[in-house]
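Here is a structure to read together, one question at a time. Please look at the sequence and the model before going on.

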Amino acid sequence: MSDLEKNIRVSQQIGQRLDLKKRVLIIDGLNTYLRSYVINPSISPNGEPVGGLKGFLMSLQKYCRDIGPTDIVVVWDGPGGSIKKKRINRGYKEGRKPVRLNRNIRLLDEKQEVTNQIWQQTRLVQYLNEMPICQLMLENVEADDIISHVAQSGVFSGQQKVIISSDKDFLQCCDRETVLYRPLPKQNFEIMNTVSICENYKIHPVNIAAARALSGDKSDNLPGIPGVGLKTVAKKLPFLGESTSHSPEDVLKYCQENAQDGKMSFYKKVLDNEKTFLQNYKMMQLYAPNISYVGIKKVNEALNHYSRNVNRTEITKFMHEDGISSTDWTDLFITFNKIKMADNNG
């Protein structure tokens, strides 16, 4: 058994036995694509960068080989996905630098790179449409909310779910059925489950959103309480390490009860920054995904009825056109065929 397999199976220690014959791969599409776009130096026959496209497919093949999914879901941010959150906080995600190609493969100017980046992503969607993969996107909804819903959905109840993303927001989605696979630099990765999260952060996944609302998230331009990090939160609010879910109001009440001593500056800081804390929590929490009833119905319909067929002829044609056919894609197609056969037999 591989180290990856051992790490994934550890999540069983905290819940009922799962049906490990069924494993759902839930991929944060843009997160995976942009990481590949930046670092993969591949160029097409006509001189266009195709690293985002090729790198995504190479990562997908690695996940298929290592994890052995019986279902694959790729989730994209919908148009205007962050509008709702920007109404709450105008600074949400502001200040992010444009994603650019690695300097070693920077053949285009900034405007051309934007055009190429959009083309590669659009082309990637074309590839995925020919694969036994469910792609999800909802207008005005971020991928985070959809991913959280998929992980909680009754469609895959009792099955192992593996979320692929470097985003720590998904730590809060880990439970007895769900683990987070975080790709790291230099081809490394870490598997986070309830056990490892509690050990590393001293905070239970059901309380991660409250803890991170206090410490903030620089990547999304959500400042936390000055001088407060996750280690401090775990030390000053030890009940967040419990498996019981605690609300922001529980945190504020505890701080009020312990702020009587003037030396307890942490608790006073929390109370003085109550608005920031509550606003951050509203922005960060994924326990109740921000999706309308209609949106949830669309997602569930897609999950229940997506095609598990694979059009190898069309995919191979695409690969020849984009100059990536020389890569060995055997493991990718083996997984696709298994998914297709299981669906036909089921």
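Q: How many aromatic pairs does a search of the whole structure find?
A: The model is a predicted one, and the search covers the whole structure. Among the rings involved, those of Phe 239, Tyr 254, Phe 266 and Tyr 267 are linked by ring pairs into a cluster. The number of aromatic pairs found is nine.

Q: How far apart in sequence are the parts that the pair of Phe 56 and Trp 76 ties together?
A: The ring centres of Phe 56 and Trp 76 are 6.3 Å apart and their planes are at 20 degrees, so this pair is stacked. Phe 56 belongs to helix 3, whereas Trp 76 sits in the loop between strand 2 and helix 4, so the parts tied together are apart in sequence by 20 residues.

Q: Does Phe 189 count as buried or partly exposed?
A: Phe 189 stacks with Tyr 181, because their planes are at 15 degrees, with the ring centres 4.8 Å apart. Tyr 181 has a relative accessibility of 2% and therefore counts as buried. For Phe 189 the relative accessibility is 29%, so this residue counts as partly exposed.

Q: How is helix 5 directed relative to helix 14, roughly parallel or roughly antiparallel?
A: Helix 5 (residues 110–129) packs with helix 14 (residues 312–322) at an angle of about 155 degrees, and their axes are 10 Å apart. Because angles over 145 degrees count as roughly antiparallel, helix 5 is, relative to helix 14, roughly antiparallel.

Conventions. Residues are numbered from 1 along each chain as its sequence is written. This is a predicted model: local features need pLDDT of at least 70, side-chain atom pairs count only at pLDDT 80 or more; totals for chains, interfaces and linings use all residues. Side-chain values use heavy atoms; hydrogens and water are left out. Axes are lines fitted to C-alpha atoms, for helices over the stretch in contact, and angles run from 0 to 180 degrees between N-to-C directions. Helices (H or I, at least four residues) and strands (E, at least two) are DSSP runs, numbered from the N terminus. Angles under 35 degrees count as roughly parallel, over 145 as roughly antiparallel, 65 to 115 as roughly perpendicular and the rest as oblique. Rings of Phe, Tyr and Trp (its six-membered ring) pair if their centres lie within 6.5 Å; planes under 30 degrees apart count as stacked, over 60 as edge-to-face and the rest as tilted. Buried means under 20% relative accessible area, exposed over 50%, partly exposed in between (1.4 Å probe, protein chains only).
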